[in-house]
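Subject: Structure handover

Hello,

I am passing a structure on to you, with notes on what turned up in it. Please look through the sequence and the model before reading on.

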Amino acid sequence: MAGVASAPIASDPLPHPAKIQLPNVRYTITSPPPWPEAILLGFQHYLVMLGTTVIIPTTLVPQMGGGNEEKAKVIQTLLFVAGLNTLLQSLFGTRLPAVMGGSYTFVAPTISIIISGRWSDEDPVSKFKKIMRATQGAHIAASTLQIVLGFSGLWGKVTRFLSPLSVVPLVSLVGFGLYEFGFSGVAKCVEVGLPELVLLVIFSQYFAYLICPRKKLFDSFTVSITVAIVWIYAHLLTVRGAYNGKPPKTQASCRTDRARLIDGAPWISIPYPFQWGLPSFDVGEAFAMMMATFVALVESTGSFIAIARHTSGTPVPPSILSRGAGWQGVGILLSGLFGTGIGSSVSVENAGLIAQTRVGSRRVVQISAGFMIFFSILGKYGAFFASIPTPIVGALYCLLFPYEPEA
């Protein structure tokens with residue numbers, strides 16, 4: 001009938017009405033903070049993602065046969081690729097302020113490659129390189145799954161069926177699934193992890209509202225301030241000999257010089273593709289890695305939804321989620337080409353940091369990607385920041401992971 005407007009076609013979800021936007025979000029995706037504040041916030045994101053970047057290679061590289069030099073180089077490579085993936089995701093993928101880093105999801109298939117029984121080299125370095133090349137081949141093969149699902153639009157068709165009833169448990173399980181890494185990390189060295197956890201709670205939940213509430217100093221920079229305080233405290237314990245004669249596990253968790261990353265890291269080094277040699281391929285390992293890739297895809301989808309909510313963005317359309325999945329697949333491909341030993345997904349702890357600081361600026365995350373690339377090239381300086389004791393990282397997880405389900 002003439003004069004009667006046709007009903008809109010329901011496709012992508014409509015934006016949040018203003019009345020249900022999340023309150024108190026200081027900077028949204030397209031409203032960046034001033035440059036000095038943005039640089040400090042970007043460095044804070046870099047500090048938070050360092051935990052996973054260091055913990056995973058520290059666990060896997062010795063099992064692969066590598067020493068301190070190989071461990072430092074793997075951390076450097078993982079940091080470099082994480083910076084590239086973060087830039088690609090923020091510029092061409094979902095364009096959300098999502099930090100892309102190493103994922104615990106890929107640890108299980110990587111360990112299955114390590115213990116497969118195919119490696120019998122007497123030289124541990126040769127064994128390490130062969131295992132690394134096998135993980136590279138598995139990552140390259142597995143990346144095709146996300147690339148096809150993402151860029152073909154198939155993942156977008158799947159996410160159209162996501163309703164609030166299904167999104168809530170999806171996002172919650174992403175945060176709760178990683179929560180175990182928090183308190184177990186703190187327990188490895190209680191005298192370091194517990195002060196960090198207590199200071200985090202006091203600074204973020206009390207000082208932020210009692211001292212200079214208008215300047216938002218403690219609200220925005222809680223992580224940086226508390227990490228600096230407890231790191232200095234842990235270093236004083238180390239140099240005063242508090243851990244001399246303690247068991248090796250205690251020293252590895254508590255000492256600030258326990259990882260020997262600085263000694264093994266070069267002053268300047270640029271990671272490059274196939275630095276460990278040409279990848280090797282195995283069908284069974286590729287399928288196992290594909291399963292991990294699919295799990296990482298589901299987790300990242302939940303994190304994308306949570307990040308959009310924490311930044312007061314509109315619901316992410318299925319087409320954008322699909323495009324983000326495709327670029328995440330490209331990120332896993334880069335992990336295979338460069339040889340990080342682990343695949344990538346959205347960093348859940350950085351999503352929690354966005355919720356804690358209420359700063360969802362894309363510029364801040366891109367600056368953090370710049371720090372990742374910069375400190376991965378300057379190996380000694382990057383290794384210095386990477387030597388933060390793991391109990392401090394565990395305390396950060398205890399606070400930041402619970403923010404994820406709040407979306």
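This is a predicted model: local features need pLDDT of at least 70, side-chain atom pairs count only at pLDDT 80 or more; totals for chains, interfaces and linings use all residues.

Residues are numbered from 1 along each chain as its sequence is written, and side-chain values use heavy atoms, with hydrogens and water left out.

Disulfide

The structure holds one disulfide, meaning a pair of cysteine sulfur atoms within 2.5 Å. C189 and C254 are its partners, with an S to S distance of 2.0 Å. The link is right-handed, with 120° about the S-S bond. The pair links distant parts of the chain, 65 residues apart: C189 is in the loop between α7 (180–187) and α8 (190–210), and C254 is in helix α11 (residues 248–254). Helices (H or I, at least four residues) and strands (E, at least two) are DSSP runs, numbered from the N terminus. Both C189 and C254 are buried. Here buried means under 20% relative accessible area, exposed means over 50%, and partly exposed lies in between (1.4 Å probe, protein chains only).

Salt bridges

The count comes to three salt bridges, each defined as a side-chain nitrogen of Lys or Arg within 4 Å of a carboxyl oxygen of Asp or Glu.

- R26 pairs with E37, with the closest N and O atoms 3.0 Å apart. The two belong to distant parts of the chain, 11 residues apart: R26 is in the segment before α1 (35–64) and E37 is in helix α1. R26 is partly exposed, at a relative accessible area of 24%, whereas E37 is buried at 16%.
- R118 meets E285 at 2.4 Å, N to O. This pair also links distant parts of the chain, 167 residues apart, with R118 in the loop between α3 (107–114) and α4 (124–151) and E285 in helix α13. R118 is partly exposed at 42% relative accessibility; E285 is buried at 10%.
- K130 pairs with D121, and their closest N and O atoms are 3.0 Å apart. K130 is partly exposed, with a relative accessible area of 30%, and D121 is partly exposed at 25%.

Burial and surface

Helix α17 (residues 379–386) is mostly covered, with six of its eight residues buried. They are G379, K380, G382, A383, F385 and A386. C398 counts as buried because its relative accessible area is 6%.

On the surface, V190, L194 and V198 form a nonpolar patch with about 230 Å² of accessible area together. Patches are made of residues with over 30% relative accessible area and no salt bridge, with like charges joined within 9 Å and nonpolar side chains (Val, Leu, Ile, Met, Phe, Trp, Tyr) within 5 Å. Accessible areas come from the Shrake-Rupley method with a 1.4 Å probe; for residues, only the protein chains shown count as cover. V198 lies in helix α8 and is partly exposed, at 40% relative accessibility.

R95 is in the loop between α2 (68–91) and β1 (100–102) and is partly exposed at 37% relative accessibility. F274 is in the loop between α12 (261–264) and α13 (283–310), and its relative accessible area of 35% makes this residue partly exposed.

Regards
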